[in-house]
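Hi everyone, thanks for coming.

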Amino acid sequence: MARTLQRSHPLQSYESAFAALPEGISVKAEPYLSMTDLRLPEDVDGPLGKALPREPGGWVSTADGLIVWLGPDEWLVLSGSRGPGELEADLRDLARPNQGSAVDVSAQRISLRVRGRHARDLLSGGCSIDLHPSVFQNGRSAQTTLGLTGVVLLALGADGDDFRILVRSSFAGYLAEWLVDAATEYR
Amino acid sequence: MQLIHCPWCGPREEVEFHYGGQAHIAYPEYPSALSDESWAHYVFFRDNTKGEFAERWSHSSGCRRWFNAVRDTRTYTFLKTYKIGEVAQ
Amino acid sequence: MSSERVDGSSRVDGYGRLDRSRTLRFTFDGQPYTGHPGDTIASALLANGVVVLGSSVKLGRSRGISASWTEDATGLIQIEEPFPEPMLLASAVELVDGMVVRGLNGQGRLAEVPDAARYDRRHHHVDTLVVGAGPAGLRAALAAARRGERVALIDDRPEAGGSLTGSETIDGRSSRHFVASVLADLAEYPDVLHLQRTTAFGHYDDGFVLALERRTDHLPATEAGNRSRQRVHRIRAQRVVVATGAHERPIVFADNDRPGIMLAASARDFLHRYGVLVGREVVLFTSHDGAYDTARDLAAAGASVTVVEARPQGPALEGVRAIPGARVIPGARVISTLADQEHQDGRIGAAVVIDAEGHEFFVNCDALLLSGGWNPTAHLFSHVRGALAYDSQLGAFKPAQSVPGTEVVGAAAGEGIQPGLVIWRVPGPRERQFVDVQRDSTVADIARAVGAGLRSVEHVKRYTTIGTAHDQGKTSGMIAAGITAELMNRPIEELGTTTFRPPYVPVAFAALAGRERGELFDPARKTALHEWHVKAGAVFEDVGQWKRARHYPKPGEDMEAAVLRECAAVRTGVGILDGSTLGKIDVQGPDAPALLDLMYTNMMSSLKVGSVRYGVMCGVDGMVIDDGTVVRLAEDRYMVITTTGGAAKILDWMEEWVQTEWPHLKVKLASVTEQWAVFPVVGPRSREVIGEVFGDLDVSNEAFGFMTWRDTELGGVPVRLARISFSGELAYEVNVNAWYAEAVWLKLLEAGAKHNITPYGTETMHVLRAEKGYPIIGQDTDGTVTPQDLGMGWAVSKKKPDFVGKRSFARAENQNPLRKQLVGLLPTDESTKLPEGSQIVEFAADGVLPAPPVPMLGHVTSSYRSAALGRPFALALLKGGRERIGDVVHVPVGEQLVAAQITSAVLVDPEGARRDG
């Protein structure tokens, strides 16, 4: 049945604040991405095993999204084209024979893209890990703390000016306030 | 702010971690077979070592994995961290 | 207070690195003065002839400026404008136009208006951090940069160069060229961070240094823009190079606290940096060759200089002996001072000198400069437990061992400091010999401490308060140790020195707080419906970090009225709650049933797919830690619901067991707290509302029984419904992906409108559950309560061989019939709402509380007014409570004893007749 219900997300009310950020910093909400938490034994093999980033703190692109390392037996699979239920079902079919698990967590977190020449400086105001592009570059990710909330932080690009942040939905408003406030420095 | 080496994520600030008490205290196989006193020892009694002490930590704000550490309680220095199921070298 | 404008500036031409083409205006104690860009308040005041700044805290003696930077023990001021700030050092505050400054008489004044300035922080990661941009620090930074390292170079003064005056020669060039060329080289490296006005104030484990950058105070208001005023840099360095130089050491004699008495090198600094000649008639009291640089430079600038040299032979080096315009009195000492007769404000007028032959005489002076040697500034080394050792040549402690990851270079390591005669004090009246001039602490105070039997410098410090002022003993600490050793007749090597602890300089709390103020102080967690609650006029309460709608008052309603209305609506019609904050954990895998059987007191493996069971979790000690429902989604999949406050804790708890104790179990956990929006639709009319919204579903009791769940869909979106009740009423819990939370909520309200569906908040939820005797873990329990104490023995499996907590139930103490048990309390006056936390005592027939000690029987854990009962009621933990149902006890409320009857905890619908509608 065609979907007739309206969706909403926790960053809707920040769109104008994001649009008004100063030059050198851009923040954009990326809502409604399907996400599944995938758990598999550490030694899982086969095509599924090969597709997964195995190194701690890594992420890889896929045909319709990306896969982020969350732990030695845990990954976050994101898809821009499959629906939440479809993604979970696909992965559960793969996980089950391996005695793993697949859980739809599409609304558990929301994604934000933070870009611009001030992006790294801004994030370093609230994040204790090393964000230098020689260390934290395209393909690297970290579960850490930004301001006072936990995030999954992904590095995009090679210049340290492009990041994706996955934040728990209930903390998204706080993080948005924090980002907008931190950008005051560049006005 | 100390750094603690998560066996997976590498060095992170200590605020990302939770302390889990003394390591290698196994849950008794048959609790019902224990005397009240032996059970109380499992529940309430832990070593209070001066010097090297094996303890459990969880990278709670990171990968959420539990691991073991050997720490010098006199200096707070982490001498080693190792995965659950591994033995401290 | 005495301060005055003196005609005739002490500014000298041809000196100083000021922008003399521009004039800055400021006032001090109401008098207008001028200075120039590059001045500090201290240099501008001295240039204007202002010598006395305030008076001391204890004795009220006049205080002036005794050093040119943060080691100054005396020159404290209050800034009134641009923003009130107390206890700043005149020597360390850069002058800006329009400043309003007061001298301090002891204490300062905090601002009474909020500070609108921004404070923030930055994290840095470097290979090498160099603290101090003097010659040693500059060289270390450049060498590291050339090795390709990531480098941070920080220095506390406005400009690099450290103690260099600009007139020296380094590597064949003028020192000013040396500094400029190193900075230019460093600027070429993209991974070199160079910050001036940035003070490293603490050095911690694993190469972690905190530094405070003063970013805007030196700028005119128009130029500060949106920059944060101060920034705390959190620098993580593989290697920390401490190049922080040395502090000059005074010598103690009687009346050594007068304004006009200053460290020698500071006088030189005032001359070269600010073009200020601190005196025309200068006495310099020293015991080492290094101080002669000051004598020479001040003489060259026009001062007449008398050097009172403690060494009998005079200076050791040939070159320093003959200084034009200076006379040297070898083998002499300053023993006391006299006040200036003209000004009558306590400032220096003459030094009393005793020469080698024992003759005493006066030397008139308007400045008395002191140099007893130099103390390496080893604070940042000491912070990381670096051991210091006494160097008898220097008369100071310097870094002894190596500390991994920390290097000390230059004067901070004792390098380049010329040895001299070590002299802490000259003989004289102890009670007038000041050791800590800010604290008004004297040699007599040390003598009292030693006389009282104190044997450790740490104890002497606390007894005398020496070294506890704003400067933390930068200049007084070493001489205090030296004098203590002398008085105790012990070698100073044995006695040691006090430990340096962070912060190196005072740091405002505002800077430490950074942006964590106001809305950003603590994250507010919000549900997907938060905006709707706001629009609906909800009053919120904090539950952990969550903002939860507590009640929805209508115009004119207070909380009590709103809650009574909401409660009545739920028990007679239909209400709806945003329950999305409940913790939710997906438990998946073939061993999921086995894990839950171990975690819960009751059996979860026997739960049928499609059903729901209430469960209790205990710690190994058998005490309740959480409760909630468990939904069986599939043979190998459950959803566990925790309390709102327990969500993270219970997931961590379960993970700990799975990861550390039972790694062989094939089961995985995932938090889905924010994934699912949860709306209980509650009350006798809830079936009609749910039936209308979910038309495809048979919502009858026969088809959809209590404690079961069904999957359905709404508008193409999957929805899960569960017959769970936390109120005893017929209820359907609606679960949906939170993307659709608002859409589903609005559909439910729309369908419920004809039944007058009433949104209700957490307060109503609490009342309704309490009427049914359902405990709130953490409110009705406190970590000492078993399931049996709560009357939930029925939820404790007798069949399972083991689960977490089981063994503890068999402990003798947990079998005690006098344990506190959950009961209801009904105040017999039917009107008093017992305050939560009230104690319960035995009924006193005379209505008077007996004399103490009064045996305490327990306490009130929850208390509300009940719409259903038409009276207030309470839940309580009461000793042997269940055996006492029907008894009357007393609850002291203020001065009154309120009688209350003990009842079952279940006060509404004890038969459970309402849950099926």
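Let's begin with Arg64(B) and Glu655(C), which form a salt bridge with their closest N and O atoms 3.5 Å apart. Keep in mind that what you see is a predicted model.

Now let's look at where chain C and chain B meet. How many salt bridges are there across the interface of chain C and chain B? The rule finds five. There are also 16 residue pairs in polar contact between chain C and chain B, counting pairs with both residues at pLDDT 80 or more. Which parts of chain C supply at least two residues each to the side that touches chain B? They are strand 15 (230-242), helix 16 (647-661) and helix 20 (806-809) of chain C. Helix 16 of chain C gives the largest share of that side, with eight residues. By class, the side of chain C that touches chain B has 10 nonpolar, four polar and 13 charged residues.

And the extent of this contact? In general, the size of an interface is often given as the accessible area lost when the parts come together. For chain C and chain B, the buried area is about 2300 Å², and carbon and sulfur atoms give 47% of it. The contact involves 27 residues of chain C and 24 residues of chain B.

Next, please turn to chain A and chain C. Here the buried area is about 4600 Å², with 50% coming from carbon and sulfur atoms. Within chain A, the residues that lose the most area to chain C are Leu5(A), Ser170(A) and Glu185(A), and together they make up 15% of what that side buries. The contact takes in 55 residues from chain A and 54 residues from chain C.

How many salt bridges are counted between chain A and chain C? The count is 12. As a pair to look at, Asp130(A) and Arg150(C) have side chains that meet in a salt bridge at 2.8 Å, N to O. Polar contacts between chain A and chain C come to 35 residue pairs, both residues being at pLDDT 80 or more. On the chain A side, the elements giving two or more residues are strand 2 (34-39), helix 3 (84-95), strand 6 (101-104), helix 4 and helix 5 (172-182). Helix 5 of chain A gives the most to that side, with five residues. Sorted by class, the side of chain A that touches chain C holds 20 nonpolar, 19 polar and 16 charged residues.

Over all chains, the structure holds 91 salt bridges. One of them joins Glu23(A) and Arg117(A), whose closest N and O atoms are 2.5 Å apart. Glu23(A) sits in the loop between helix 1 (15-19) and strand 1 (26-30) of chain A, while Arg117(A) sits in the loop between strand 7 (109-115) and helix 4 (119-124), so this pair ties together parts that are 94 residues apart in sequence. Are these two residues buried or exposed? Both Glu23(A) and Arg117(A) are exposed.

Over in chain C, Arg61(C) forms a salt bridge with Asp255(C), with 3.2 Å between the closest N and O atoms. Arg61(C) is in the loop between strand 3 (54-55) and strand 4 (62-63), and Asp255(C) is in the loop between strand 16 (246-248) and strand 17 (261-263), so the pair ties together parts 194 residues apart in sequence. Arg61(C) counts as partly exposed because its relative accessibility is 25%, whereas Asp255(C) is buried, at 5%.

Now for a pair within one helix. Glu458(C) and Arg462(C) make a salt bridge through their side chains, 2.8 Å from N to O. Both lie in helix 9 (residues 457-464) of chain C, four residues apart, which is about one turn of the helix. Glu458(C) is buried, with a relative accessible area of 17%, and Arg462(C) is partly exposed at 47%.

Last, a look at the annotations. An unreviewed UniProt entry lists "domain: SoxA A3" for residues 431-515 of chain C. That span is 46% helix and 6% strand, and its end C-alpha atoms lie 47 Å apart. UniProt, again in an unreviewed entry, gives "domain: GCVT N-terminal" for residues 529-800 of chain C. Those residues are 27% helix and 28% strand, with the end C-alpha atoms 41 Å apart.

Conventions
Residues numbered from 1 in each chain as written. Chains lettered and ligands numbered in written order. Predicted model: local features only at pLDDT ≥ 70, side-chain atom pairs only at ≥ 80, totals over all residues. Heavy atoms only, no water. Salt bridge = Lys/Arg side-chain N within 4 Å of Asp/Glu carboxyl O. Buried < 20%, exposed > 50% of the residue type's maximum accessible area, 1.4 Å probe, protein only. UniProt positions renumbered as here; feature names shortened; annotations may be inferred. Contact = heavy atoms within 4.5 Å. Buried area = accessible area lost by both parts, 1.4 Å probe. Polar contact = N/O pair within 3.5 Å; in protein donor to acceptor, adjacent residues only side chain to side chain. Nonpolar A, V, L, I, M, F, W, Y, C, P; charged D, E, K, R; others polar.
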